[in-house]
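Subject: Structure for your files

Hello,

Please find the structure below. My notes on it follow.

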There are 2 protein chains.
Amino acid sequence: MEIEKVIHELVTETDSKIVMLVADGLGGMPLLPDGKTELESANMPNLQKIVPHCSVGLLEPISPGITPGSGPAHLGLFGYDPIQANIGRGVLSALGVNFDLRHGDLCARINFCTIDKSGKITDRRAGRIATDENKRICKKILDNIKLPQGVELFLVTEKEHRVALILRGRKFYEALADTDPQKEGLEPLLVTACDPQAGKETAGILNDIIAQVKNILADEQKANMVLLRGFAEFKKFTTMHDKFKLRCLALATYPMYRGLAKLIGMDVNWQITSAEEQMNELEKQWNNYDFFFIHIKGTDSSGEDGDFQRKVKVIESIDEIIPKILKLKPEVFIFTCDHSTPAKMKGHSWHKIPALILASNCRPDRVDRFDEYTCRKGCLNGLYSKDLMPLALAHSNKLMKFGA
Amino acid sequence: MEIEKVIHELVTETDSKIVMLVADGLGGMPLLPDGKTELESANMPNLQKIVPHCSVGLLEPISPGITPGSGPAHLGLFGYDPIQANIGRGVLSALGVNFDLRHGDLCARINFCTIDKSGKITDRRAGRIATDENKRICKKILDNIKLPQGVELFLVTEKEHRVALILRGRKFYEALADTDPQKEGLEPLLVTACDPQAGKETAGILNDIIAQVKNILADEQKANMVLLRGFAEFKKFTTMHDKFKLRCLALATYPMYRGLAKLIGMDVNWQITSAEEQMNELEKQWNNYDFFFIHIKGTDSSGEDGDFQRKVKVIESIDEIIPKILKLKPEVFIFTCDHSTPAKMKGHSWHKIPALILASNCRPDRVDRFDEYTCRKGCLNGLYSKDLMPLALAHSNKLMKFGA
């Protein structure tokens with residue numbers, strides 16, 4: 001039997017509460033070999049008080065050497081096998097705008113771009129047009145496009161130059177290459193299928209749509225063409241409730257993380273925009289859920305920008321919300337991240353991630369700080385992200401004994 | 001999807017260089033419980049300088065408790081699953097003499113031995129006859145033997161009493177038991193098949209060959225009989241280039257490691273005989289390859305001989321070549337071993353192996369020495385040998401992000 005099935009059979013419902021606080025891209029690196037990491041540099045008096053009572057460790061997000069995208073990295077934290085359960089960017093985009101996907105829908109992310117008269121791309125982001133412009137252009141396309149019998153096209157504005165595309169009504173083929181050549185000065189690529197025979201119809205429909213869009217947008221100054229990437233068919237996921245009998249609430253301020261949470265059956269608050277609102281909502285909804293996912297984006301964005309000091313500040317601001325969470329007395333409090341985003345590298349990385357579990361029955365690791373180095377000494381060290389959920393269930397008395 | 005496939009899809013070619021320095025059997029053990037290991041006893045001033053900037057760990061070569069042969073231990077280091085990808089000794093022997101194997105060839109290792117008039121073995125190594133003697137006897141056999149229609153036999157001298165045997169021309173059965181009874185005073189065994197029905201033809205051909213050889217060698221003083229072991233069919237391996245898009249060069253002074261490297265598609269220098277020549281060749285070939293495998297044998301041979309002090313000296317001599325490697329500025333430098341060969345045990349062992357990675361974007365583990373004990377504190381601790389290659393690719397910017 002597989003461990004997933006064992007866990008599913010052992011899970012039992014209780015009143016206990018689990019809070020998972022995810023500081024996106026928290027894991028870091030010293031700028032110089034003998035310097036401190038972002039987490040080591042941050043002043044975290046509240047965290048400091050609880051750390052000696054926690055179990056800690058450096059976790060492997062996916063597999064050694066693999067730099068995770070946000071999708072697989074979060075699925076790991078939620079107890080899914082991130083290699084089996086990977087999701088395409090197109091599906092994430094559609095989920096992020098709260099589009100009501102149906103099984104079999106083909107999704108892609110569109111970026112509006114600017115092309116010159118010869119058809120070559122001059123700006124892959126169409127000057128980051130305003131979101132309202134984006135909405136106007138999407139409507140213009142949908143008002144003018146002609147689709148094959150039975151095919152439906154949806155375009156949902158994300159932000160600036162970004163749009164979620166959804167195609168519905170046929171059995172589509174999803175193994176399609178991006179049309180974004182990744183460089184300016186080149187023409188957009190045609191949609192091509194990995195298996196040209198199997199993907200012929202779907203690629204044909206998409207290439208026809210793109211050709212029409214090009215005509216419809218010919219008189220636009222900036223957004224006069226589209227680049228498509230991340231083609232993926234939407235398939236239903238096993239929910240967190242199916243897997244773990246948990247009623248889950250996601251408190252995230254960014255679309256993609258809300259979409260991810262929705263994909264695995266969490267209830268999602270689509271309104272909140274700040275840590276303060278996240279805390280208010282947490283308190284308000286405390287009795288209605290068993291599992292709370294709180295997502296903080298700033299650690300990742302500052303890391304991506306290479307802004308070490310800003311990342312330190314974001315970490316310090318997270319320290320301020322920790323007492324607000326603990327005041328509610330969750331049986332299990334987890335603080336970790338999806339992946340590392342060292343400011344030094346200005347991007348996601350494969351480095352292991354710091355994690356802690358606070359619970360009345362955790363074996364305290366007696367470390368005096370929470371960072372990439374002290375975590376190496378803890379009992380969670382070397383586990384995988386996907387091991388966190390079973391540990392959360394165990395520490396909250398939601399997992400019965402295995403075997404007699 | 002499996003992780004191997006994920007990695008294959010994420011690999012991208014770059015100009016960056018990876019050097020993997022393998023000190024065979026480096027991992028050791030104190031002679032007395034409170035003593036030092038070979039690595040702890042060695043004076044390594046050059047390594048000492050870089051260690052604080054490295055990621056380190058004790059790695060599992062195959063699986064806990066498994067003592068690896070050189071084949072699987074190296075395959076693990078090269079990113080192959082050593083349990084799935086094991087190679088028979090016969091194939092390693094043939095590869096070690098640079099024999100041009102074809103798919104389906106049946107290989108075995110022959111040891112010449114001495115038998116008395118009653119047919120009992122008196123010396124399993126035929127007095128370690130000279131290599132030239134070995135060549136003369138191989139020719140004598142091939143000149144006189146009669147083979148079934150369509151079957152070809154090749155005998156290639158290795159060294160002293162050792163010969164690589166290759167049989168070609170039929171669909172052979174490979175699950176055959178060794179004929180070496182492992183003890184003197186016993187007769188050589190017949191070739192027997194695990195599945196007597198399926199293996200009947202192959203076993204019959206081999207037993208007939210052995211009977212003829214016994215007659216042909218009846219007048220020899222020392223090498224008057226053969227013992228066969230390690231039967232294995234040669235099957236093509238996925239190359240390092242197929243797996244990781246790496247152009248690889250092997251700089252090894254011993255036949256078996258060259259053969260192993262050739263098996264997985266590395267280019268092999270068949271001439272070099274010393275560490276100095278290895279370093280000269282490394283410098284000369286620097287621009288022609290992405291991955292360099294440098295193999296040092298002395299750590300293993302001294303360990304096998306139980307010579308603790310000699311092993312320490314060999315380790316200290318390795319310290320001298322490290323600056324020569326680093327002078328070339330590889331993006332990734334790995335120093336590790338295939339398995340432990342503690343002098344105390346006079347043989348390979350199952351104990352975990354020390355490993356380090358030096359790269360500009362490794363998270364430094366801040367340890368002050370490189371040995372079996374300090375490695376336990378590092379972020380690589382507890383990984384498997386087969387995880388090293390994905391990490392080497394990540395640290396050299398050859399692995400793209402997984403998922404959106």
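Which side chain does A:Lys171 meet in a salt bridge? The partner is A:Glu233, at 3.6 Å from N to O; a salt bridge here is a side-chain nitrogen of Lys or Arg within 4 Å of a carboxyl oxygen of Asp or Glu.

First, the ground rules. This is a predicted model, in which local features need pLDDT of at least 70 and side-chain atom pairs count only at pLDDT 80 or more, while totals for chains, interfaces and linings use all residues. Residues are numbered from 1 along each chain as its sequence is written, chains are lettered from A and ligands numbered from 1 in the order in which they are written, and side-chain values use heavy atoms, with hydrogens and water left out.

Salt bridges

Helices (H or I, at least four residues) and strands (E, at least two) are DSSP runs, numbered from the N terminus. A:Lys171 is exposed, at 68% relative accessible area, whereas A:Glu233 is buried, at 14%. Buried means under 20% relative accessible area, exposed over 50%, and partly exposed in between (1.4 Å probe, protein chains only).

In chain B, the side chains of B:Glu158 and B:Arg109 form a salt bridge of 3.0 Å, N to O. B:Glu158 belongs to strand S5 and B:Arg109 to strand S3 (residues 106–115) of chain B, so this pair ties together parts 49 residues apart in sequence. B:Glu158 is partly exposed at 23%, and B:Arg109 is buried at 9%. Another salt bridge joins B:Asp305 and B:Arg310 (3.1 Å, N to O). In chain A, salt bridges with shared partners join A:Glu133, A:Arg136, A:Lys140, A:Asp219 and A:Glu220 into one network. Over all chains, the structure holds 44 salt bridges.

Between the chains

Contact means heavy atoms within 4.5 Å. By that rule, 38 residues of chain A are in contact with 30 residues of chain B. The two chains bury about 2,600 Å² between them, 57% of it on carbon and sulfur atoms; buried area is the accessible area (1.4 Å probe) that two parts lose on being put together, summed over both. On the chain A side, A:Pro64, A:Trp350 and A:Arg376 lose the most area to chain B, together 21% of what that side buries. There are 2 salt bridges between chain A and chain B. A:Glu40 forms a salt bridge with B:Arg366, with the closest N and O atoms 2.8 Å apart.

Helix H12 of chain A

Helix H12 (residues 308–326) has 19 residues and should span 27 Å at 1.5 Å a residue; its end C-alpha atoms are 28 Å apart, which agrees. The expected span is 1.5 Å times one less than the number of residues. Buried residues of H12(A) include A:Phe308, A:Val312 and A:Ile325.

Two loop residues in chain B

B:Thr179 lies in the loop between strand S6 (162–168) and helix H7 (200–216) of chain B and is buried, at 1%. Among the residues it touches beyond four places in sequence are B:Pro188, B:Ile210 and B:Val226. B:Lys146, in the loop between helix H6 (131–144) and strand S5 (152–159) of chain B, is exposed at 62%. Leaving aside neighbours within four places in sequence, B:Lys146 is in contact with B:Asp208 and B:Gln212.

Regards
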